[in-house]
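Subject: Structure handover and notes

Hello,

Here is the structure you asked about. Please open it alongside this email, as the notes refer to it throughout.

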Amino acid sequence: MHTVRTLRRHWKPASIAVASLAIAMALGVICLSVSNTTLLLLPSAPAPDRLVTIYSRSAGNPVEQISFPDYRDYRANNHVFTDIAAAPNSISLLDDFQYEGRNIKVLARPVSDNYFAVMAIQPHLGRFFSPADSAADTHLAVMTYACWKRLGSDPKIVGKVLAGNTIIGVTPRSFTGSFYGLNGDLFVTLSQADNQASWEQRGARRLFLTARLKPGVSRSQAQAEMEGLSNQLAAAYPQDDKGRSAVVARASLLPPDGLATAELMTAILMALSLLVLLIACANVANLLLAIAVARRQEAAIKLALGASRRRLLRESLQESALLSMTAGVLGFALAAAALALYSDLSFSFPMFGAFSVGLNLRLDLTVAAMTLLLVLLATLATGLAPALYASSPHLASMLGGGMAVGGTHRNVRRSALVIVEVATCTLVMIGMGLCQRSLYNLRHIDLGFSARNLLAATLYLDAEGYSEKTGKPFYQTLRDRIAAIPGVESVSLAGDLPLLGATDVPAQLPAALKTTTVAHTVVDPNYFSTLGIKLLGGRNFNA
């Protein structure tokens, strides 16, 4: 009660302290939620601790994907998993289709037909894939909950056709897949993936595997068996699998090749949030120290009446703890509101349209426990210096006039707090300046082409029923009509745009070079002039 009365008497600085700490706490809780969700949480599935991720490792690459033939062999010959599912770490299909009278763009992720069986989840609507779906080579799809909501939450969506695929089910809301974030709009079977012939090449590594351990089997036992299978494959197929071994890792919401980047990003976020919290703590400590200056006479009287210094320290720290706990509760509430508002985001990409990203950030017991740790740190950071100052009044100093001028003789503690606060703010400002400079440099980097006044559109003539014979005249007519539009200087057709990828093809290279493929795309004669690409030598294409 004494602590509450004291804070009520000094309600203005107490309110400022709580507000400052609450904002810093909210930022810290959000960063903790991001770190917890991306790095610590398991996929949303029954018994997630029994799920593992399998990838390959070689001398030159610690994290590589697995080829479809190797996946097939691992699945058929292991004795430690109930089953193994496969999914490429990429969105494989992009189409533009009509649905309920409106044009929509669809992203689809191929998965093996046993993917949902391994995850052991139940559909929100309809059903999931079965082995018969791949065998029959049917065009079926499971819709994500985010896509279902975006299209109006139609309870009769099962059986309707979207992007040439019949919808057979909808995933549950909590399911973000075995890969976190952008899972696209549809799950389709691997039999519907592009370039099916190339999937049978043992050197074409495109899959990360998700498996469920059998009861009683540990991850180390599974690792030992998978290493044995890898050795057998290396002996049977030395050209493709020699020196390569399968790795069994804890399942997470991120693909194995994204964990290192995620750890770096979350470390940066946590460092920034701790710096902001340190700045807020320094502000609050200065406010509490100002209150402590005015209360030194009260502390001196208590000491004269027999109170111990430990009791004075405890009372002062109780005030700091009450402020920090109040700020922690408010910060947790602010973070929860922000995460609820921005948990499901839609991003608009040029040419591709808007797509949903299910962040599904969570505030669970782990985040709550870490928030309590932040509160404890804030209590010590804000209350220790004022507590030491308030609990050590010196009678000689008071009689000499130190109290009258607020203790200006040698206020080392207040000076130290100001130094810490200014130094931390300077560090944060320098970091922000460097980030801004990096963004500026990225925006002004020479891309090798001119992006000024460029407009791009994607066409899918196959989906509209065009053949190669009818498609070529259509492209020519389209190009002529666009070129005739006033203000259009140049028109070009291309299979891919710069920075958006291309297709790797085998190439005959000197033996000294390790690269055995080069990226290529198909363009027309106007491509280089339209994009403002300068040739270093030779000439451009002609008609």
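This is a predicted model: local features need pLDDT of at least 70, side-chain atom pairs count only at pLDDT 80 or more; totals for chains, interfaces and linings use all residues.

Residues are numbered from 1 along each chain as its sequence is written, and side-chain values use heavy atoms, with hydrogens and water left out.

Overall

The protein has 17 helices and 16 strands. Helices (H or I, at least four residues) and strands (E, at least two) are DSSP runs, numbered from the N terminus. Of its 543 residues, 40% count as buried. Buried means under 20% relative accessible area, exposed means over 50%, and partly exposed lies in between (1.4 Å probe, protein chains only). Among contacts with a separation of 6 or more, 76% come from residues 24 or more positions apart; contact means heavy atoms within 4.5 Å.

Strands around β9

Two strands count as paired if DSSP finds at least two bridges between them. In strand β9 (residues 165-170), 5 of the 6 residues are buried. Strand β7 (residues 140-143) pairs with β9 in the parallel sense over 4 bridges. Within that pairing, Leu140 stands opposite Thr166, and Val142 has Gly169 as its bridge partner. Strand β6 (residues 125-126) pairs with β9 in the antiparallel sense over 2 bridges, with Leu125 opposite Val170. β8 also pairs with β9 in the antiparallel sense over 2 bridges, and here Val161 stands opposite Thr166. β8 and β9 form a hairpin with 2 residues between them, and Ala163 in the turn has a positive phi of about 55°.

β7 is covered on both faces: Leu140 and Val142 are buried on one side, Ala141 and Met143 on the other. β7 is also joined by 3 bridges to strand β10 (residues 186-189), and these two run antiparallel. Met143 has Leu186 of β10 as its bridge partner.

Strand β3

Strand β3 (residues 81-88) is largely enclosed by the rest of the structure, because 6 of its 8 residues are buried. It runs antiparallel to strand β11 (residues 205-213), joined by 7 bridges. Asp83 is bridged to Arg212 in β11.

Helices α3 and α8

Helix α3 (residues 68-77) and helix α8 (residues 219-236) pack at an angle of about 130°, with axes 11 Å apart. Axes are lines fitted to C-alpha atoms, for helices over the stretch in contact, and angles run from 0 to 180 degrees between N-to-C directions. The two helices are therefore oblique to each other; under 35 degrees would be roughly parallel, over 145 roughly antiparallel, and 65 to 115 roughly perpendicular, with the rest oblique. Asp70, Asp73, Tyr74 and Asn77 of α3 meet Glu225, Met226, Leu229, Ser230 and Leu233 of α8.

Two buried residues

Asp154 lies in the loop between α6 (145-150) and β8 (161-162). Its relative accessibility is 17%, so Asp154 counts as buried. Not counting residues up to four places away in sequence, Asp154 touches Tyr99, Leu125, Trp148 and Lys160.

Tyr115 is in helix α4 (residues 115-119) and counts as buried because its relative accessibility is 2%. Tyr115 and Leu209 are 94 residues apart along the chain, and their C-alpha atoms are separated by 9.5 Å.

Regards
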